[in-house]
Amino acid sequence: MKSTRGFTMTQPEFFATPGYGDRQLKVMRYSQAVRVGDRVEISGQGGWDDDLNFPESLEEEIVKAFENVGRTLATAGATWRDVIAVNSYHVPETPGFLGETHNRVMVEQFREHMGDRAPIWTEIGVPALGAPKMRVEIRVTAITGRAHV
């Protein structure tokens, strides 16, 4: 760590989630996560498998997106229990409202993955996401309370 004007600085460490993250780094030139000290930021994670296929049901897609967030956090040394902020992006089920499924399953997954921890959350409706069949994308910030070594 370097000290500049009383601030402790650490170098960012970038991570690719094994499987799809390795492909995205090679083909699209971006990392799935970055860690600076005890702070972890991740790229938006969709409900894809390692071959970037999406489930038919929206509910399964959201559950899989939460799993992918967990995989990506683990790659950078964090867990869902470390998450302090969530931004989720949703293609609405109906015009003017994200839909009951988005909200219900997101809240169910928060409870399952985070227990009593309640992060800040911004839920945003969008007309499209990065892949043709993609309906949800989740990006989080985590603070682990420990620097990565």
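Start at the N terminus and follow the chain: the elements of the protein run β-β-β-α-β-β-β-α-β-α-β-β. That comes to three helices and nine strands. Helices (H or I, at least four residues) and strands (E, at least two) are DSSP runs, numbered from the N terminus.

Before you select anything, note that this is a predicted model: local features need pLDDT of at least 70, side-chain atom pairs count only at pLDDT 80 or more, and totals for chains, interfaces and linings use all residues. Residues are numbered from 1 along each chain as its sequence is written, and side-chain values use heavy atoms, with hydrogens and water left out.

**Stop 1: the whole protein**

Show the C-alpha atoms. Along the principal axes they fill a box of roughly 50 × 35 × 25 Å. The radius of gyration, taken over C-alpha atoms, is 16 Å; this agrees with a compact globule, because 149 residues would give a value near 15 Å. The globule rule is 2.2 Å times the number of residues to the power 0.38.

Now look at contacts (heavy atoms within 4.5 Å). Among those between residues at least 6 apart in sequence, 70% join residues at least 24 apart.

**Stop 2: the surface**

**Stop 3: Thr 72**

Select helix H2, residues 58-75, and find Thr 72 in it. Thr 72 counts as buried because its relative accessibility is 1%. Show its neighbours: leaving out residues up to four places away in sequence, Thr 72 touches Thr 17, Tyr 20, Gln 32, Ala 33, Ile 42 and Gln 45. Zoom in on Tyr 20. Its side chain and that of Thr 72 are joined by a polar contact of 3.1 Å. A polar contact is a pair of N or O atoms within 3.5 Å; within protein, one must be able to donate a hydrogen and the other to accept it, and residues adjacent in sequence count only if both atoms are side-chain atoms.

**Stop 4: Arg 35**

Go to strand E4, residues 33-36, and pick Arg 35. Is Arg 35 buried or exposed? It counts as buried, because its relative accessibility is 1%. Next, select Gly 77: its backbone oxygen lies 3.4 Å from a polar atom of the Arg 35 side chain. Finally, select Gly 19. Arg 35 and Gly 19 are 16 residues apart in sequence and 19 Å apart in space, C-alpha to C-alpha.

Technical notes
Buried < 20%, exposed > 50% of the residue type's maximum accessible area, 1.4 Å probe, protein only.
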